[in-house]
Amino acid sequence: MKIMKIAALSAVLAAQFAFAQFKQTPLSYAYNALEGSIDAQTMEIHYTKHAAGYVSNLNKAIAGTPQEKETLFQILSKVSTLSPTIRNNAGGHYNHELFWTMLTPEKNTQPSAKLSKAITGTFGSMDAFKEKMSKAGADRFGSGWAWLSVDKNGKLFVSSTPNQDNPLMDVVEEKGTPILGIDVWEHAYYLKYQNKRADYLTAIWNVLNWKEVSKRYENAVSKK
């Protein structure tokens, strides 16, 4: 009888998650690895509650729809034709999966020579770029994201989107391939910085993974 109950429970769980296409990528660092800039409690709640909720709700929303067999990029590229639930949760999943890779406990990573040249050529200097990026995040009313992306011509641009939108979506004005995304939802910083979003946007540069940003830049421009 016990074996039958276990088998029945396993069947229910298997059926419940059979459609689950998307999953969270495990963090490559501990929750407390970014202390000083992002606290451990924020990282744990952000990853295990907020981000986990997006992927879970996305999988539920696409169950039994054509999107169940599509990639995340395919979904984002035509999100204007899909439900708000899919739009919000697909964006939330993509944005967070990118965001975790933007962070690193490694100290003083630097942009590649190629990316550094592109940033200087586009914005005038690294400091000018950081100021523009931070302003995009600080000026975002309510919740959203600040982005550094590559446009269809291989040029860099800074933008901001509300909620969980991103430059890959067909609903945004400035479209491109994101290579750096900074989360400015309150849950990303409020435990440590309270309402001081600007302080969070200053501190995040201390844990920015320039190696990953550089890799994404070079991959993006190689496809143009």
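The aromatic pairs in this predicted model number 12. Rings of Phe, Tyr and Trp (its six-membered ring) pair if their centres lie within 6.5 Å; planes under 30 degrees apart are stacked, over 60 edge-to-face, and the rest tilted. The rings of Phe123 and Phe129 are a tilted pair, because their planes stand at 40°, with centres 5.3 Å apart. Both residues are buried, a label that means under 20% relative accessible area, while exposed means over 50% and partly exposed lies in between (1.4 Å probe, protein chains only). Phe129 has 0% relative accessibility. Phe123 has 15%. Elsewhere, Tyr31, Tyr47, Phe99, Trp100, Trp145 and Trp147 make up one aromatic cluster.

Some ground rules apply. Residues are numbered from 1 along each chain as its sequence is written, and side-chain values use heavy atoms, with hydrogens and water left out. As the model is predicted, local features need pLDDT of at least 70 and side-chain atom pairs count only at pLDDT 80 or more, whereas totals for chains, interfaces and linings use all residues.

Helices (H or I, at least four residues) and strands (E, at least two) are DSSP runs, numbered from the N terminus. Helix 6 spans residues 126–138 and has 13 residues. Its expected span, 1.5 Å times one less than its number of residues, is 18 Å, and its end C-alpha atoms are 18 Å apart, which agrees. Which residues of helix 6 are buried? They are Phe129, Met133, Ser134, Ala136 and Gly137. They cover an arc of only 155° around the axis, so they sit on the same side of helix 6. That arc is taken from the directions from the helix axis to the C-beta atoms. Asp127, Glu131 and Lys135, on the other side of helix 6, are exposed.

What covers the buried residues of helix 6? The cover includes helix 5 (113–123), helix 8 (197–203) and helix 9 (210–222). It also includes strand 1 (144–150), strand 2 (156–162) and strand 3 (177–183). Contact here means heavy atoms within 4.5 Å.

Strand 2 is largely enclosed by the rest of the structure, because 5 of its 7 residues are buried. Strand 1 and strand 2 pair in the antiparallel sense over 7 bridges. Pairing requires that DSSP finds at least two bridges between two strands. Ala146 has Ser160 of strand 2 as its bridge partner. The two strands form a hairpin with 5 residues between them. In the turn, Gly154 has a positive phi of about 85°.

Now the annotated site. UniProt, in an unreviewed entry, lists His46, His96, Asp183 and His187 under "binding site". These residues are spread over 142 residues of sequence, yet they cluster in space, with a largest C-alpha distance of 12.3 Å. UniProt positions follow the numbering used here, feature names are shortened, and annotations may be inferred rather than shown by experiment.

His46 lies in helix 2 (residues 40–62). It is buried, at 1% relative accessibility. Not counting residues up to four places away in sequence, His46 touches Ala51, His96, Phe99, Trp100, Asp183, His187 and Ala188. His187 lies in the loop between strand 3 and helix 7 (190–193). At 18% relative accessible area, His187 is buried. Leaving aside neighbours within four places in sequence, His187 contacts Thr42, His46, His50 and His96.

The unreviewed UniProt entry also gives residues 22–103 as "domain: Manganese/iron superoxide dismutase N-terminal". That span is 57% helix and 0% strand, and its end C-alpha atoms lie 22 Å apart.
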